[in-house]
Amino acid sequence: MKRTYLPRFLSVAATIAALIAVSGCVAPPVQYPTLSTSSLRIMNFAPNCPTTSPMDAYWAPGPQTPPKNAANIIDLPYGSASVYTTSIPVAASGTPYLVDICPTRLTSVEKEVPITLMPSGKYTIVITHDSAASSNPPVFLDTILQDAVQPPNSDPKKQTFVRFMNLQPVGSLAVHVNDPVAGEAIGSPESFRGCTPYVALNTA
C-alpha cells in the first residue's frame, strides 16, 4: 500500500509546488509609451535667380539649427510639391521644429521656418518670393498650411474636399467648379499667398 500511493502523493505535491512557483514569477504588465508622429511636405513656388532652380529642405527639433549633412527633401523643382515625409517624431503636446530651405546641394539658408508639429498632424510649407521687394537676392516667404481638415457636417463617403491657394502675385483670384461664372466657388477670392479652407464637393 505504501508503494502504491507514495508516487501519486509525490506527483501531486510536485504539481502544486510548480504552480506556486510559476504564479510567483509572473511579471507585472509593462506599459510601453505610444510613439506620436506627424507628416510634413514642402511646396516650391519661389523662382530663384537667375533661373528657377530647385531647393533642399532640412529640419530638426528646435531650437537647434538643422544639420546640413543630409537633406530631408532634396532637389525639389520650382512649381512642385514633395511627397509627405511621415513618421516625424513629436511629443504628445507637440514639438517645435526648425525647417531650413536652401538652394539644392548648398548649405546657405534662404528661409528658416519655425513650425510646431502636432501628433497625427499633416502640414504643408509653401515657399514663395516677396514680389513687392526689390532686394537682391529676393526675399523668401513661407506659408504654413494644415492639411486634411474636413469641413464640419461633411461626409467623406459622399464628398471630396478641395481648397484653393493663390500663388500668382497679380492680385486676387477665385476658382469656380464646372462654370467659371455660375459654378460653385471654392471659398472667396484670395490675394497672393491666400488660401481658402477646405470645401466639400458632392461625389455621390
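Predicted model: local features only at pLDDT ≥ 70, side-chain atom pairs only at ≥ 80, totals over all residues.
**The main core.** Begin by selecting Leu40, Ile42, Val99, Ile115, Ile125 and Ile127. These residues have the most contacts inside the largest nonpolar core, which has 20 residues. Next, display the strands that each supply at least two residues of this core: E1 (36–45), E2, E3 (73–76), E5 (85–90), E6 (95–103), E7 (111–117) and E8 (122–129).

**Ile125.** Keep Ile125 selected and show its surroundings. Which residues does Ile125 touch, not counting those up to four places away in sequence? They are Leu40, Arg41, Ile42, Met43, Val99, Val113, Ile115, Asp142, Thr143 and Ile144.

Now select Met43, Leu145, Met165 and Leu167. They are among the five residues of another core, which lies apart from the largest one.

**The end of strand E2.** Move to Pro61, in strand E2 (residues 55–61). Pro61 counts as partly exposed because its relative accessibility is 34%, between the limits of 20% and 50%. Leaving aside neighbours within four places in sequence, Pro61 is in contact with Thr95, Pro96 and Tyr97. The C-alpha atom of Pro61 is separated by 10.0 Å from that of Ile88, 27 residues apart along the chain. Then select Gly62 and Pro63: the peptide bond joining them is cis, with omega near 5°. Pro63 is found in the loop between E2 and E3.

**Two loop residues.** Select Arg105 in the loop between E6 and E7. Arg105 is not a glycine, although its phi is positive, at about 65°. With 59% relative accessibility, Arg105 counts as exposed. Finish at Ala148, in the loop between strand E9 (140–146) and strand E10 (159–162). Ala148 has a positive phi near 60° and counts as exposed at 54% relative accessibility.

Key. Residues numbered from 1 in each chain as written. Heavy atoms only, no water. Helix = DSSP H or I, 4+ residues; strand = E, 2+ residues; numbered from the N terminus. Buried < 20%, exposed > 50% of the residue type's maximum accessible area, 1.4 Å probe, protein only. Contact = heavy atoms within 4.5 Å. Core = buried A, V, L, I, M, F, W, Y, C linked by side-chain atoms within 4.5 Å.
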